[in-house]
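Good morning, and thank you for joining.

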Amino acid sequence: MAQLWGGRFTKETDQLVYNFNASISFDQKFYRQDIRGSIAHVTMLAASGILTEDEKEQIIDGLNGILNDVETGKLEITDKYEDIHSFVEANLIDRIGDVGKKLHTGRSRNDQVALDMKLYTRDELIEVKKLIITLIKELHKLMKENIDTYMPGFTHLQKAQPVTFAHHIGAYMEMFKRDLSRINDIYERMNYCPLGAGALAGTTYPLDRELTASLLDFKGPTLNSMDSVSDRDYVIEMLSAFATIMMHLSRFSEEIIIWNSNEYQFVELDDAYSTGSSIMPQKKNPDIAELVRGKTGRVYGALTSILTTMKGIPLAYNKDMQEDKELTFDAIDTVKGCLALFTGMISTMKLNKVNMEKSAMNGFTNATDAADYLVNHGVPFRDAHGIVGQLVLYCIDKNISLLDMSIDEYKSISPVFEDDIYDAISLKTCVEKRNTIGAPGYEAINKVIAINEEFIKSLE
């Protein structure tokens, strides 16, 4: 068992205890970050006069050799080592001898693992950000293509008022723009380097922590060594943001599942993002949307887990904090996979615009506009509301829409109605006259599309 801390102990750790304590099975993901951090550390040690230039070069060459051999498969990371730090350091010493033992000067595994976790999550945040931007661009494309694609808007899953598909998609556009903003905020807040904090109280070596931070592209060093090794706020913030992303994806997936049903038939999913039934040949199941909806719980679980782990930990580092990794890694992989697959699904789905418009017509989504028509002709709103209620009941009884009623039928319920009622309650009129910013009208939606266009340009 390769351990870096055996001097204090007189007998081997029990194998079961060792296995329970070890983290190599999951923290081997850090091998690039661990080697990058070690290279920055020895570069700083040499610049500070703690190592010679020759020692620095030997260590860096050795570290790069280990990195290359792991990447090419010549060197395998195995459970012979307790953690990734032990793996790197033990292999370095095997390769370059006693000089390799100087790598850990002025450093603890506590600040080392804090650094590795920050570097890894920072790299993954960048990848998630790219995937959100790709999704935002696809939503922007769908908005531009569907400014006049009419559909019902819903409240309580009941048809409420007519909108356009562009307007509906625009709601998700705003959600994912906020998600992107959250990712940027978290990145800025976490971007301070813990290396040099030592175990919890710094070190007597004259480390240049500003240089280390600069070499690793941090804004600067962290300002309290105890907080440096025990802070996992950035993991909690990241998982919270991921949980929100998944909630947004899940809501959207739920709508796609509904729209894809036989009852709605608003969309048809591409064969590549659907599956069939083993016994029912007619089935085309929205599996990707269902899996995205289902996997949301995994990310929620990761967030709840780390919050629970951290809630009772006194300062500074405690071994409980090793639990920050496995579920976080799973949440990262889940979010990345869901974003990529969801974007592919919506980019290939086909809209049934005829069914969407027909659904808006048959659901009395223009009833509010009929009431507004009466109000604009001098009828008090409460009276207008009652009159239109009678119209809806009449249509339900006759199995027709408001646009199917004759003018005589209208007048039999209220003499205020004239022939211009048909134009007033057409879907086009109902949508187009709503032009306050944020509404579905042509003018309003085009303003938002222009704003989004500039937003997307600012990301490039």
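**Aromatic pairs and nonpolar cores**

Phe30 is buried, at 0% relative accessible area, where buried means under 20%, exposed over 50% and partly exposed in between, with a 1.4 Å probe and protein chains only. Tyr120 is buried as well, at 6% relative accessibility.

A word on the source: this is a predicted model, in which local features need pLDDT of at least 70 and side-chain atom pairs count only at pLDDT 80 or more, while totals for chains, interfaces and linings use all residues. Residues are numbered from 1 along each chain as its sequence is written, and side-chain values use heavy atoms, leaving out hydrogens and water.

The structure holds twelve aromatic pairs; rings of Phe, Tyr and Trp (its six-membered ring) pair if their centres lie within 6.5 Å, and planes under 30 degrees apart count as stacked, over 60 as edge-to-face and the rest as tilted. Phe30 and Tyr120 form an edge-to-face pair, 5.5 Å centre to centre with 65° between the planes. Elsewhere, ring pairs join Tyr373, Tyr410, Phe417 and Tyr422 into a cluster.

Which residues touch the most other members of the largest nonpolar core? They are Phe87, Phe242, Leu249 and Ile256, in a core of 96 residues. Such a core is a set of buried Ala, Val, Leu, Ile, Met, Phe, Trp, Tyr and Cys residues joined through side-chain atoms within 4.5 Å. A second, separate core has 21 residues, including Ala370, Tyr373, Ile387 and Cys395.
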